[in-house]
Amino acid sequence: MVSAVAAVTLRELVRRRRALVLVVALPLAFYLVRLDTPGQAIRFIALGIGWAVATLSLFTHVSSRDLDQRLAIVGASPSALIAGRQLALTGTGLALAGAYFALVALTQDVAHLSAIGLLLGTCVLIAAPLGAAVSLLVPRELEGALALLSIMALQMLADPNGTAARVLGLWSTREFTTYAVDPSGGADLSQGVLHFIAAAAIAIAITWAAGVLRLRPRQLPTPSTP
């Protein structure tokens, strides 16, 4: 069931050609704006990938809501439906991250190139369930897209050293970027990994819990006898 749902989701993504073009173009725009500042350029491309994947996840889950409800009625596991869509979205996001990793490797000279791969990959692994969680908590695409835009705007504008920034899902991008561009031992890398694990776990838990509750079978009231 998981592989079948993933395959269907991939076919749906291919049909969304305009959305895919935006997913590819948005991180590139973020990167080119700050190309002269390597640290900011790399962090912005990561946040751009995060926003693009989260938005694609949001639209995919919203558009498949009716289908998932019908599948759940005929016995499909809500966990399998959620896992299948997340598998397809995560794979698409990692492919995008791989392409941008190659771009950064060709255009930037950083101390730890492997940290850039970790940075882009973790953004995808957080963004895919984040977009799904927002789609399950916010019923409409427009409101969900605005919610994601607000989250990413706060992520860019908040002081990364402040307490408020640490509760945002992609705060780890700052730690990975610092380690890659201006290494300071293993502290930044370890803090980023720990924050990523916590953020990803929370996003996945919210996605799974909200999806299972939404797709759970509902018992119809027993008709009253005359």
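This is a predicted model: local features need pLDDT of at least 70, side-chain atom pairs count only at pLDDT 80 or more; totals for chains, interfaces and linings use all residues.
Leu28 is partly exposed, at 32% relative accessible area (partly exposed sits between buried, under 20%, and exposed, over 50%, using a 1.4 Å probe and protein chains only). Residues are numbered from 1 along each chain as its sequence is written, and side-chain values use heavy atoms, with hydrogens and water left out.

- Not counting residues up to four places away in sequence, Leu28 touches Tyr100 and Leu103 (contact means heavy atoms within 4.5 Å).
- Met156 is 128 residues from Leu28 in sequence, and their C-alpha atoms are 16 Å apart in space.
- The axes of α2 and α5 come within 11 Å and cross at roughly 30 degrees (axes are lines fitted to C-alpha atoms, for helices over the stretch in contact, and angles run from 0 to 180 degrees between N-to-C directions).
- α2 and α5 are therefore roughly parallel to each other (angles under 35 degrees count as roughly parallel, over 145 as roughly antiparallel, 65 to 115 as roughly perpendicular and the rest as oblique).
- On the α2 side you'll find Val23, Val24, Ala25, Pro27, Leu28 and Tyr31, which meet Leu96, Tyr100, Leu103, Val104 and Thr107 of α5.
- By class, the contact of α2 with α5 has ten nonpolar residues, one polar and no charged (Ala, Val, Leu, Ile, Met, Phe, Trp, Tyr, Cys and Pro count as nonpolar, Asp, Glu, Lys and Arg as charged, and the others, Gly among them, as polar).

**α3 against α5**

- Helix α3 (residues 38-63) packs on helix α5 (residues 78-107) at about 155 degrees, with the axes 10 Å apart.
- That angle makes α3 roughly antiparallel to α5.
- α3 goes past α5 in a right-handed crossing.
- From α3, the contact uses Ile42, Ile45, Ile49, Val53, Leu56, Ser57, Thr60 and His61, and from α5 it uses Arg85, Gln86, Leu89, Gly93, Leu96, Ala97, Tyr100 and Val104.
- The class tally for α3 with α5 is ten nonpolar, five polar and one charged.

**Arg85 and His61**

- Arg85 sits in α5 and is buried, with a relative accessible area of 2%.
- Setting aside residues up to four places away in sequence, Arg85 touches Val5, Thr9, Glu12, His61, Ser64, Leu67 and Asp68.
- His61, in α3, also counts as buried, at 6% relative accessibility.
- Beyond its neighbours within four places in sequence, His61 is in contact with Arg85, Gln86, Leu89, Ala132 and Ser135.
- His61 and Ala205 are 144 residues apart in sequence and 16 Å apart in space, C-alpha to C-alpha.

**Phe59**

- Phe59 is another α3 residue, and it is partly exposed at 21% relative accessible area.
- Leaving out neighbours within four places in sequence, Phe59 contacts Arg16, Glu141 and Ala145.
- Gly144 lies 85 residues from Phe59 in sequence and 8.7 Å away in space, C-alpha to C-alpha.

**Nonpolar cores**

- In soluble globular proteins, nonpolar side chains tend to be buried together.
- The largest nonpolar core here has 43 residues, of which Ile49, Ile116, Leu119 and Leu120 touch the most other members (a core is a set of buried Ala, Val, Leu, Ile, Met, Phe, Trp, Tyr and Cys residues joined through side-chain atoms within 4.5 Å).
- The elements giving two or more residues to this core are α2 (17-33), α3, α5, α6 (113-137), α7 (141-157), α9 (172-181) and α10 (187-215).
- α3 gives the most to this core, with twelve residues.
- A second, separate core has five residues, including Ala72, Ala76, Leu81 and Leu215.

**α6 against α9**

- The axes of α6 and α9 come within 9 Å and cross at roughly 170 degrees.
- α6 and α9 are therefore roughly antiparallel to each other.
- α6 brings Ala115, Ile116, Leu118, Leu119, Thr122, Cys123 and Ile126 to the contact, and α9 brings Ser172, Thr173, Phe176, Thr177, Tyr179 and Ala180.
- The contact of α6 with α9 splits into nine nonpolar, four polar and no charged residues.
- Leu119 touches Ile42, Ala46, Thr173, Phe176 and Thr177, not counting residues up to four places away in sequence.

Notes:
Helices (H or I, at least four residues) and strands (E, at least two) are DSSP runs, numbered from the N terminus. A crossing is left-handed if the near helix is turned anticlockwise from the far one by less than a right angle, and right-handed if clockwise.
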